[in-house]
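Visitor: I am new to this structure and would like to learn how to read it. Please show me one feature at a time.

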Amino acid sequence: MIRTLSLAAVIASMFSFPGASPAESAENFAKHAQQTIPIKTITSKKNQNSALLLKRRVKKLAGPYAALVRHAAKKAHISPVLVAAVVYVENGGNFQGSATRVSSAGAIGVMQLEPVTAWDVLRVNPWQAPSNIEGGARFLSMLIQRFDGNRRLALMAYNAGPTLIANGGRPAMAVRYANEVLQLTREVSL
């Protein structure tokens, strides 16, 4: 006769006391398995310092939008420093009125989203800073994926348009833009 045991019974038998039946072991295991054991997370000084440094870098680059940038970057799974650098360059470091700023090309808001991209592709309201930043971070993430992780090409595409860059175009303005953003990600003085 073949006897089957539940997974709990098998595990319990592995940790049972000598002389205890499988049923007793399973009961004992089940009783203890329902208990939660608090686990204290230990963070090293190095990790705390890195997190603080990252927060300062984002604050330096994104100014009053730092918290929104960190949140949007986390949702988009990209570097908050990269998103903050885009915010900085798009606004020339001047955040006064940037939420409603419109460029000569018609780009809107903190991350200077083209209206068609904002409304039709990203489905965000470019006139609201949180929505604009979230859309811009998501768009940048999409471009990084489209260009196989090449941040320089993704930034050129953010500036000049993905189709132009994908077709081999390298406008001087887009190259300067990408270089400026990447330079800021490397050397932000605190």
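Visitor: Which residues of α10 are buried?

Guide: Helices here are DSSP runs of H or I with at least four residues, strands are runs of E with at least two, and both are numbered from the N terminus. Buried means under 20% relative accessible area, exposed over 50%, and partly exposed in between, with a 1.4 Å probe and protein chains only. In α10 the buried residues are Ala174, Tyr177, Ala178, Val181, Leu182, Leu184 and Thr185. They lie on the same side of α10 because they cover an arc of only 155 degrees around the axis, the arc being that of the directions from the helix axis to the C-beta atoms. Arg176 and Arg186 are exposed on the other side of α10.

Guide: This is a predicted model, in which local features need pLDDT of at least 70, side-chain atom pairs count only at pLDDT 80 or more, and totals for chains, interfaces and linings use all residues. Residues are numbered from 1 along each chain as its sequence is written, and side-chain values use heavy atoms, without hydrogens and water.

Visitor: Why do residues three or four places apart point the same way in an α-helix?

Guide: An α-helix has 3.6 residues a turn, so residues at that spacing point the same way.

Visitor: What span should helix α10 have?

Guide: The expected span is 1.5 Å times one less than the number of residues. For the 15 residues of α10 (residues 172-186) that gives 21 Å, and the end C-alpha atoms are 21 Å apart, which agrees.

Visitor: Where is arginine 123?

Guide: Arginine 123 sits in the loop between α6 (115-122) and α7 (129-146). Its phi is positive, about 60 degrees, although it is not a glycine.
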